[in-house]
Amino acid sequence: MRLEYFQMLDAVVEIDREAASLKATSNVPLESTVFEGHFPGYPLMPGVLLLETMAQASGYLLIALHNFQRMPFFASSKQANFRNFVRPGDKLEIEAKQIHAGSGYAVTSAQIKRNDEIACDGQLMFRIVPFPTPALEQHVKAEGRRLGFLEEA
């Protein structure tokens, strides 16, 4: 996980196209400037970055389901629940599942577990559009390779 670059996922460990689901992992860094202000003496992963982690896992699921031909943009979160603290050094398991696909949008449910306990979960909506630029498309494909699941695209 590289917080400063919004690289919230370290690896995609499973994609089940039939179940429209994805599992990923991430290791919260021991040190980051984010923790200097959130909170001094008791560093916690900000909820907004946990939401971003769920959005990225959901986004890469949708990218895979669309064979790297379309780009999902996070549009809204119907609900986001923060149930347990996430601290520096924690190992996270992230799951995302598509629960609805429409014309130009999709809805996912996602959760993050730490030590087999749910740290947060939510329902997220995405607009799905053609890649707006070739540079973004190439970046997303490079990230797919970094995460270990772009073999098919």
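What share of the contacts in the protein chain with a separation of 6 or more is accounted for by residues 24 or more positions apart? In this predicted model, such residues account for 66% of those contacts. The secondary structure of the chain consists of 3 helices and 6 strands.

The overall dimensions were examined next. The C-alpha trace spans about 45 × 30 × 25 Å along its principal axes. The radius of gyration of the protein chain is 15 Å, which agrees with the value near 15 Å that a compact globule of 153 residues would have. Of the 153 residues, 42% are buried.

In soluble globular proteins, nonpolar side chains tend to be buried together. In the present model, the largest nonpolar core comprises 39 residues, among which Met45 and Tyr60 touch the most other members. Two or more residues of this core are given by each of the strands β2 (21-27), β4 (91-101), β5 (105-114) and β6 (117-130), and likewise by the helices α2 (47-65) and α3 (134-147). The largest share, 11 residues, is supplied by α2.

The side chains include 15 that are positive and 18 that are negative. The centres of these two sets are separated by 5 Å.

Definitions and conventions
Residues numbered from 1 in each chain as written. Predicted model: local features only at pLDDT ≥ 70, side-chain atom pairs only at ≥ 80, totals over all residues. Heavy atoms only, no water. Helix = DSSP H or I, 4+ residues; strand = E, 2+ residues; numbered from the N terminus. Rg over C-alpha atoms; globule rule 2.2 N^0.38 Å. Buried < 20%, exposed > 50% of the residue type's maximum accessible area, 1.4 Å probe, protein only. Contact = heavy atoms within 4.5 Å. Lys, Arg positive; Asp, Glu negative; His and termini not counted. Charge placed at Lys NZ, Arg CZ, Asp CG, Glu CD. Core = buried A, V, L, I, M, F, W, Y, C linked by side-chain atoms within 4.5 Å.
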